[in-house]
Amino acid sequence: MSLELLLALLLDFAQECKRLSVGEFDDYVSNRMKGQQMYMVKANVLSKRLNGGVNEGERVDGDFKFAGCDDDEHGIFKCRRMAVWNYRGSNNNKIKRRRNREKRGVEGGNDVEKKPKANSNRAPLFYSSLQTKTMKKKNPTLREKTGPMQQKRRTVPLGMLRRFIAASIFSLVVTSFFFVHVHVSPSPTDHKFNDKIPSFYDPQSWTLELAPPYLFKTPLSVPKLKDSSKESDYEKLWKPPPNYGFITCTKPTPNYKTPTSSGGYLSVHTNGGLNQMRNGICDMVAIARIINATLVIPELDKKSFWHDTSNFSDIFDDEWFISSLANDIKIIKKLPKKLVNATKMVMQFKSWSGMDYYEKEIAALWTKFNVIRTSKSDSRLANNNLPPDIQKLRCRACYEALRFSPRIEQMGKILVERMRSFGPYISLHLRYEKDMLAFSGCTHGLSTAESEELRRIRENTTYWKRKYINPREERSKGFCPLTPKEVGIFLTALGYPSKTPIYIAAGEIYGGEFHMTDLRSRYPLLMSKEKLASIGELEHFSSHASQMAALDYIVSVESDVFVHSYPGNMAKAVEGHRRVLGRGRTISPDRKALVRLFDKLQNGSMTEGKRLSNKVIDLHKRRLGFFRKRKGPVSGTKGLDRFRSEETFYANPLPDCLCRTESLSINASRYR
């Protein structure tokens, strides 16, 4: 019973006690204290006394039977009565036989009352007294006749009972006031998670009309941390890494000038998925500046694995893109009509090229051609050793100019707000889609038929150069994405509770729910675009893989914690964007080390628990998205492998686009 209900009952009881007369009060107590469902019977004893008294054996008001009434030595009228009730219906014959047995027992002088047998349909006889005074000897009552067992029973004076009830009510009122005060007026230091975690959007601004109805059929509990453990869990699981005074600095240097003329037109055909195209577009902005070209709005890849027919303006805000970069390069939507059929230089720029290549080899082509068309855009510009203004321009293009279209931005904001309604959330880029598994050749946990299907896809995709791949060897080297089951083990070992909301930022998971069973059993609150939004809301995006990926990108950038199962293009792009915006944790799993632990779990040499948790936490202490200088090439690598081993510019644009504030005196030499 809740405190509020108990308090209400006691207050009601006190009001009844105050209202009832002495005789009514005793009957009221008798009936209420019994606690069984019965008819309320009130014997107005005083009125009966005034009208001539109550005779022994006379039935009064319902099921009350009075065994005797008389005046005591002080002139106080008293009645001994017997209340008989039946809350499921009475049996008159049985009641009559019982009364006869009791009467015979009294007349015979029996000292011990014969107790009735238990009956589920009838409560036992109940005796009570209005006074504690001894009855007159000359006119003995039922209590005196029934022997010492009944004589030992003593009742509480009415005044004392009323004082006890009043004291109880007062105590409950004080106690309830204390509890209400604690919950309504929390301590000023009792902050919520959403107050600690920076949010780009105001939470809870979306209305119920925007949410699909099925989200509200079964309310989902929000993970909350309690009292003393709240701060420690926040520090352990959700607190963003320290920024050491780094802030975004993308403004050009004082020597940076706006171009006055153009050598020609740069036409770009992008390639790959959304984030691969996104990075390529930003590189082409910088290249256009280097070679003094007018950039034509890039064409998006429509022939890759996803066969997305979206145009640039379907995904990005082209007007904003043009205007925001007006001081850097000139951008037009289409080639001038006179140049549509002109001779063009069609080529692929060399991967990871520097200033010399573009200034000496590519810019020299303007003497022969008015239009240079590049058929690929990914990784065409070096990560390092470029002028500061070129690096800052890449950041302005990627994080300021290349906005998503208003429709995508609006839907992305709605998804973020709906995820935040569940509390702090993890965005999990679960790279366990068909194209990823076919490209990487990873088949761990898959059936023979599934492995064969992926092999055929890889062989039939002409632009994938690697055809034969040893899945065991790839996995042992840490080159394979974590499976959904492995991700569940990983998050559990890190300490995230089962009620943690997780947004699945991915396309269609290969194998569907069959491969998601283990992860869902650990974390039931798995959400996605399709679960957060209605079919009507996703109608404009659902048939376009790049637009759906853009929604995942927005939710991931704004998440409290971002985790990926494979460091692909999206994982790297989100990681860099979160660094620039100063968002929360970005956890990069050490897949090579984790595979060894997972294999030990599988062969039984290790079990899940504190030992595994300590190892996983220790492995990832420095893999939480800390601010640090971008990593260079791996020692000993040569040629293109040297560039491939570098940390990509868009995964970590520090120090080029992140600077330390002068007011802080922290020695950041180990972070730069």
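Because the model is predicted, local features were considered at pLDDT of at least 70 and side-chain atom pairs at pLDDT 80 or more, whereas totals for chains, interfaces and linings use all residues. Residues are numbered from 1 along each chain as its sequence is written, and side-chain values use heavy atoms, with hydrogens and water left out.

A search of the whole structure returned three cavities of 30 Å³ or more, a cavity being a set of points, on a 1 Å grid over the protein atoms alone, where a 1.4 Å probe fits but cannot get out. Grid points are joined across faces, edges and corners, and the volume is the space filled by probe spheres set on the points. The largest cavity holds about 80 Å³, and of its 13 lining residues (those with an atom within 4 Å of a point) Cys442, His444, Cys480, Pro481 and Thr483 are the closest to its centre. This lining comprises eight nonpolar, three polar and two charged residues, where Ala, Val, Leu, Ile, Met, Phe, Trp, Tyr, Cys and Pro count as nonpolar, Asp, Glu, Lys and Arg as charged, and the others, Gly among them, as polar.

The second largest cavity has a volume of about 50 Å³, and its lining divides into two nonpolar, three polar and four charged residues. Among the residues that line this second cavity are Pro241, Glu575, Arg578, Arg579 and Phe627; helix α24 (residues 569-581) supplies the largest share of the lining, three residues. Helices (H or I, at least four residues) and strands (E, at least two) are DSSP runs, numbered from the N terminus.

Nonpolar cores were defined as sets of buried Ala, Val, Leu, Ile, Met, Phe, Trp, Tyr and Cys residues joined through side-chain atoms within 4.5 Å, with buried meaning under 20% relative accessible area (1.4 Å probe, protein chains only). The largest such core has 78 residues, and those with the most contacts inside it include Leu266, Phe321, Tyr358 and Phe404. Helix α10 (residues 274-290) contributes the largest share of this core, ten residues. Another core, of 42 residues, lies apart from it and has Leu430, Ala438, Phe490 and Phe626 among its members.

Strand β11 (residues 426-429) runs parallel to strand β12 (residues 502-504) and is joined to β12 by three bridges, with Leu428 standing opposite Ile504 in β12.

Definitions and conventions:
On a 1 Å grid over the protein atoms alone, a cavity is a set of points where a 1.4 Å probe fits but cannot get out, and a pocket is an open set with protein on both sides within 12 Å along at least five of seven lines; lining residues have an atom within 4 Å of a point. Buried means under 20% relative accessible area, exposed over 50%, partly exposed in between (1.4 Å probe, protein chains only). Two strands pair if DSSP finds at least two bridges between them.
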